[in-house]
Amino acid sequence: MRENEHVTRDRGQIAIARDGLQVSRIADMAPDVDAHLRDMASAGVDVAIFSLGLWMEWLTLPLAREANDELAAIQGRHGGRILGLAHIPPLDDGAERELRRAVLELGLVGVNLTTHWRGRYIDDPAFRPLLRTIAELGVPIVIHASALPGACAMADVYGLSATLGRAIDQLAAVSRLIASGVMDELPALRVVAPHLGGGFFALRRRVGLGVPGSALTRRASALERIW
């Protein structure tokens, strides 16, 4: 945890507050894989993707290695029914080396990143070396929504930071990726943006797609590589 964060545990759940505002609340992180497979069979789901989701925000490199090893082991035991994503603290020293190990040696099928990392969004120039490596490896990025950084109107006084706040952050991440030109710069880069991209398509005209002169309009072809 960071200096401005506080963790509490209550009835099998972990809650994390940042600057006094709750940013995450989650049940025990250990998955019951057999129960998950039964649920998949009941629902007619052929393949599931496993990741740490929002816990990416607190990853260290040693923890990332442990997570990648465990996800690869789960993937290897279940005949293609469960696939795992690679996890790294994206801007830390050694992150790209661990990413290559996770994909090339362990066989993980994509990369889990959060919408922002310590206040920097994925379009930030600091991410470019990592994004080039991801494009080179030919695996997709799966963007997990984080709570909005800093104080804002979605602060958790009404429980909005972890709900609507994350959707807004997903919308911001997708819009920034397109407008920044990084998708044009790296034509092999592919992105999965869950939660409907934070509602990106419902708001595409509002954020500028189809508006003359908009950076989004000029780079609309990037949408062919964003799911």
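**Exercise 1.** In this predicted model, determine what share of the contacts with a separation of 6 or more in the protein chain comes from residues 24 or more positions apart.

*Solution.* Take the contacts in the protein chain with a separation of 6 or more; residues 24 or more positions apart account for 66% of them. For the setting, the chain holds nine helices and 10 strands. Of its 227 residues, 45% are buried. The protein chain exposes about 11,500 Å², and carbon and sulfur atoms supply 55% of that area.

**Exercise 2.** Locate Asp123, decide whether Asp123 is buried or exposed, and list the residues Asp123 touches beyond four places away in sequence.

*Solution.* Step one: Asp123 lies in the loop between strand E8 (120-121) and helix H4 (128-137). Step two: the relative accessibility of Asp123 is 13%. Buried means under 20%, so Asp123 counts as buried. Step three: leaving out residues up to four places away in sequence, Asp123 touches Arg128, Arg176, Leu177 and Ser180.

**Exercise 3.** Find how many aromatic pairs the whole structure contains, classify the geometry of the pair formed by Phe200 and Phe201, and assign the burial class of Phe200 and of Phe201.

*Solution.* Step one: a search of the whole structure gives one aromatic pair. Phe200 and Phe201 form that pair, with 5.4 Å centre to centre and 85° between the planes. Step two: planes over 60 degrees apart count as edge-to-face, and the pair of Phe200 and Phe201 is edge-to-face. Step three: Phe200 has a relative accessible area of 1% and is therefore buried. Phe201, at 41% relative accessibility, counts as partly exposed, because that class lies between the cut-offs of 20% and 50%.

Technical notes: Residues numbered from 1 in each chain as written. Predicted model: local features only at pLDDT ≥ 70, side-chain atom pairs only at ≥ 80, totals over all residues. Heavy atoms only, no water. Helix = DSSP H or I, 4+ residues; strand = E, 2+ residues; numbered from the N terminus. Buried < 20%, exposed > 50% of the residue type's maximum accessible area, 1.4 Å probe, protein only. Contact = heavy atoms within 4.5 Å. Areas by Shrake-Rupley, 256 points an atom, 1.4 Å probe, with all protein chains shown as cover. Phe/Tyr/Trp six-rings, centres within 6.5 Å; stacked < 30°, edge-to-face > 60°.
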